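Welcome to this short tour. Open the structure in your viewer, keep the selection tool handy, and we will go from stop to stop together.

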Amino acid sequence: MDFTIDSEQRDLVAAVRGLVTKVYDSSETRRAATNAEPGFTAWERLAEMGVLSLPFEATPAEVSLVAEELGKVIAPDPFVESIVLAGGLIEAVGSDEQKEEYLDAIAGGEILPVFAWAEPGRDWAADAASVTFSDGTLSGTKASVIHAERADLLVVSAATDAGTGLFLVTEGYTAETERTHDGSRAATVTFDGTPAVPLGAGGDESAAIARALDLARIAYGHEALGAMQVALDTTVGYLKTRKQFGVTLNTFQALNFRAADLYVSLELARSVITWATVVAADENSSDADIAAAASQSALQVNRAGRHIALDAIQLHGGIGMTAEYSVGHYASRIIAIGQLVGDEAFHTDRLAATLTEHDVLDPIG
Amino acid sequence: MRLQLSPEDQAFREEMREFFTTQVPERIRSKVIAREELSKEEWVESQQVLNAAGLAVPGWPVEWGGKDWTQLQRHIWHEEMQLAGVPQPLAFNASMVGPVIANFGSQEIKERFLAKTANLDIWWAQGFSEPDAGSDLASLRTTAIREGDEYVVNGQKTWTTLGQYGDWIFMLVRTDPKAEKKQQGISFLLIDMTTPGVTVRPIQLIDGGFEVNEVFFENVRVPVENLVGEENKGWTYAKFLLGNERVGIAQVGASKRNLATAKERAKERGLLERYAGRIVGLENELLALETTALRVAAHSDAGKPHPASSVLKIKGSQLTQAVSELLMDIEGPAALTSRDARVFLNNRKVSIYGGSNEVQRTIIAGTILGL
């Protein structure tokens, strides 16, 4: 197994880093962007750079490298939500005509798609139950649809006689938008006889939906990883400079040991999250392999993510609680990613279902 | 980035698996898998099977029996050995004194000791810790005072694991009591344990067993040619040794095998549903440990441990303990008399030895984070 990246990938990382660290050059700039509409400001430039076409042209490795850079500045742009997930579904399931109509426009930043899949009162299950499709229209309610109000195109999962299908909607629905704790927007979207066209052939798309969600989970893992890295770096920097009792905080072993434990969590999480990308990028991996890798990654996002996010605040003390300071926003985003990929109990259940299929878990094929 | 093993590495893995599961006696491997104690004869027999095939000391220089393997191949060798229940080559020989002699010893001392060390013809004991020098190893007080062609050694070592089997002991001794810093003035000395004045006294542990000892030295006369490297440079050699010790300490393969046993037992007893969450969590953490070991291996300079090896030591020891705790819990009330509870108690040692986990946190905070 090989975790190294090539020179082209290094160039991609450098270019994306250069762009997003300029657009979001401080916590204050980023906060101002999230407080204005639509809540993100790097989108056009990411499109110009070609980043928004990566999921359609490159491998999950490039997607993950970009997501990690976005995570380091907690860029509020919906790269994973709109491009990896919604765009990925159109690419995977759409007819040739639909792909031609949408993919270039999505990659160019002209059309912003989002995937409406979660439903009120349910967990991260991939099947649709409360939104149904019949006679060319959708009815029912979706929950927590990120940037639904700004979106030009909704990809909606809905129950049909054949199973869970996918549908495209451009108008005829209501979106009740709220701010999320991490500065983004999520809407409750209600369909009531809303005209919708099937994405692709119109049959059961459960497998494609599950796969797309798992690939998004793996990309989210890297976004979380970038944020965890910076949360730790910021905390370590603070311990070295903040003075109390006339000395810097790194005089106190109790604090240094906690920082060391955060480093342990970060490095272990980095390994699993990167491994998951390697699984996703391997053409021999089955959907089941990718699902398992996504769940392993998600467990680390939740465990290591919360460990680092919450201790980063604690080790800062009161300043870590303020909206003015960066570390709390990182914590909020890391927690939010856990809520997007599914929590520890959800993924533990998923992995427990296949527990007896292997004797020992072997990361190398 | 690549997930699949190359055809060569795939073939290498098959070769290792085939060898370990067919050439090392099943009666020895089943004792390891049942986590029973091995006799000295069984340790020696197993290591000699490996050594005859050139598989006992792959990390050593090639001219002394090592292999020109990639880090990934070394990982595969280690992993397959543990999965098959093959006792690892005795760490005191293969990972500790052998590499020190090979890297720092004179040609004469290499010729005297290396072949016998690889073949476990000599069973080495470790003479590092002292009653007042545990984590603060450099404050050791055992002295070796030069008199003509001999050192006269006086003092006490402790926690000498399997010292009751020891033929020779490698020691850190103070040769210059007047050195400015306590790390200076320490030398690395080899002592024949049959020399008059050496006394081994067993220490009983909380699991009831006797795997560690105190070793006393009273006017023990040691020829000067038993000094490894230069006088007063022993601390450098000791740091090299401890770095190597830390890398092997993660015990990924053994924990994976023990977790598979736990899963099997839970299933047999109809308790899989109850323990599934813990097993999934531990599989996830072991996956993290193993993929980290692969990352660390890929980025290690030859012979020099990656600073993140402290991560492997901390997490590896925690998982060894957590898996043995799970095995004990699955036993139910039978744990009161089962071996599993004793192994669980015995495994408290793994977060203490090899540089305690608190020492590792100090290394991470200082060396890596710059705190």
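**First stop: a hairpin in chain B**

Select Gly148(B): this glycine has a positive phi near 65° and sits in the hairpin of β2(B) and β3(B), where 2 residues lie between the strands. Keep in mind as you look that this is a predicted model.

Now extend the selection to the two strands themselves. β2(B) covers residues 143–147 and β3(B) covers residues 150–157, and they pair in the antiparallel sense over 5 bridges. For one facing pair, pick Thr143(B) and look across to Asn154(B) in β3(B).

**Last stop: the cavities**

Searching the whole structure turns up 3 cavities of 30 Å³ or more. The largest cavity has a volume of about 70 Å³. To find the largest cavity, select its lining: Asp359(A), Val360(A) and Leu361(A), together with Lys256(B), Leu259(B), Ala260(B), Glu283(B), Leu286(B), Leu287(B) and Glu290(B). Two elements of chain B, α8 (252–268) and α9 (272–298), each give two or more residues to this lining. Which element gives the most? That is α9(B), with 4 residues. Color the lining by class and you will find 6 nonpolar and 4 charged residues, but no polar ones.

Definitions and conventions: Residues numbered from 1 in each chain as written. Chains lettered and ligands numbered in written order. Predicted model: local features only at pLDDT ≥ 70, side-chain atom pairs only at ≥ 80, totals over all residues. Heavy atoms only, no water. 1 Å grid on protein atoms, 1.4 Å probe; cavity = no way out; pocket = protein on both sides within 12 Å on 5 of 7 lines; lining within 4 Å. Points joined across faces, edges and corners; volume = space filled by probe spheres on them. Nonpolar A, V, L, I, M, F, W, Y, C, P; charged D, E, K, R; others polar. Pairing = 2+ DSSP bridges.
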